[in-house]
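Subject: Structure for you to look at

Hello,

Here is the structure I said I would pass on. My notes on what was found in it follow below.

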Amino acid sequence: MPAVWPALAYGAWSATCDTLHAHTQVLGKLAVELAPPAPQLQHAALRLTPRGWETAGLPAPDGSGAITAALDLRRDEAVIEHSDGREARIPLTPNRPVADVTRDVLAAVERVAGAVEINPTPQEVTWTVPLDEDREHATWDTGQVANYFEAATQAALALADFRAPFRGRSTPVNAWWGTFDLAVNLFSGQPADPPSDDFIMRNGADAQQVAVGWWPGDARHDGAAFFAFAYPTPDGFGGAELEPAAARWEPDLGEYVLEWDQIRELPERRALALEFMRSAFRHACGVCEWDPALAATAEGIPPPIS
């Protein structure tokens, strides 16, 4: 059957979206505490898998092996799995506060792999209540979660397709729990000066890069959209005409965007998403003066493995 790209507007599911976002932060905080630090904070990134959001394998706190923490969006559960086969499952419905889920997740980790403490302060969101005290975010509509997961899966597949031929250093399709987006970052190989001494900026923006991604929208931008930006951002980066024609520069975001709703019902939607990503990357590499040969590999020059 042809893939469905469902409608997705933040205003229609904001309560569930914010609850899901908060749950992803618990997983991200576990990765921060347990994973070996990596450049551009890659150790803290999560992945979107056919199950949902999850960490990579993390060292068990008690040294007994590895664990994975996941949000199973098909079964509406948080899951802690140990490499020896033990697991614990925490229900996300009926509508449980983030505080309860956070405490149950940490207790589950302790049971199967040893105790771990996380920094419960939420990051890059509009609320400030610690995760283990957050009783405001408790809405979990299973239909809305399924709708989001279907859309996010299609977006992640398109992003992986875009990244595949590039021959420079790049990230996998990361699921970022701070900004609640999916993104790939392609690097030129040149260093960059971080814009501030903030922990995230200091460690995530110390290399020249182009980011291409997708997010389900938020209070600033109601609809889901693909996006692209470059760092450092030189003069003349914004305002270009990209392909397809529906793509536009969004000055308030500092990004190029292609609205999900403008392509999701078209038969060539995947091709249009890829056209946007390649067009944005081509423009960024030109303005940022990347090595043309490296930039061309993102469009299959030379061709990838056949």
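**The sheet and its helix**

Six strands form an open sheet in the order β7-β8-β9-β10-β12-β11, and the pairing is antiparallel. Strands and helices here are DSSP runs, E of at least two residues for strands and H or I of at least four for helices, numbered from the N terminus. Two strands count as paired if DSSP finds at least two bridges between them. At the edges are β7 (174-176) and β11 (248-250), each of which pairs on one side only. From one strand to the next the twist averages 30°. β10 and β12 (residues 255-259) run antiparallel and are joined by four bridges; Ala-225 has Glu-259 of β12 as its bridge partner.

Helix α6 (residues 269-287) lies across β8, β9, β10 and β12, at about 15° to β10. Axes are lines fitted to C-alpha atoms, for helices over the stretch in contact, and angles run from 0 to 180 degrees between N-to-C directions. Contact means heavy atoms within 4.5 Å.

The model is predicted: local features need pLDDT of at least 70 and side-chain atom pairs count only at pLDDT 80 or more, while totals for chains, interfaces and linings use all residues. Residues are numbered from 1 along each chain as its sequence is written, and side-chain values use heavy atoms, with hydrogens and water left out.

**Two crossing helices**

The axes of α1 and helix α3 (residues 142-163) come within 10 Å and cross at roughly 80°. The two helices, α1 and α3, are therefore roughly perpendicular (the class for angles of 65 to 115 degrees; under 35 is roughly parallel, over 145 roughly antiparallel, and the rest oblique). Ala-12, Trp-13, Thr-16 and Leu-20 of α1 meet Gln-144, Val-145 and Tyr-148 of α3. By class, this contact of α1 with α3 has five nonpolar, two polar and no charged residues. Nonpolar covers Ala, Val, Leu, Ile, Met, Phe, Trp, Tyr, Cys and Pro; charged covers Asp, Glu, Lys and Arg; the others, Gly among them, are polar.

**The largest pocket**

The lining of the largest pocket has 50 residues, and Glu-124, Trp-176, Gly-178, Thr-179 and Asp-181 lie nearest its centre. A pocket is an open set of points on a 1 Å grid over the protein atoms alone, where a 1.4 Å probe fits, with protein on both sides within 12 Å along at least five of seven lines; lining residues have an atom within 4 Å of a point. α1 gives the most to this lining, with seven residues. By class the lining has 26 nonpolar, 16 polar and eight charged residues.

**Backbone details**

Most residues other than glycine have a negative phi, and most peptide bonds are trans. Thr-93 and Pro-94 are joined by a cis peptide bond, with omega about -5°; Pro-94 lies in the loop between β6 (87-91) and α2 (98-113). The bond from Glu-243 to Pro-244 is also cis, with omega near -5°.

Regards
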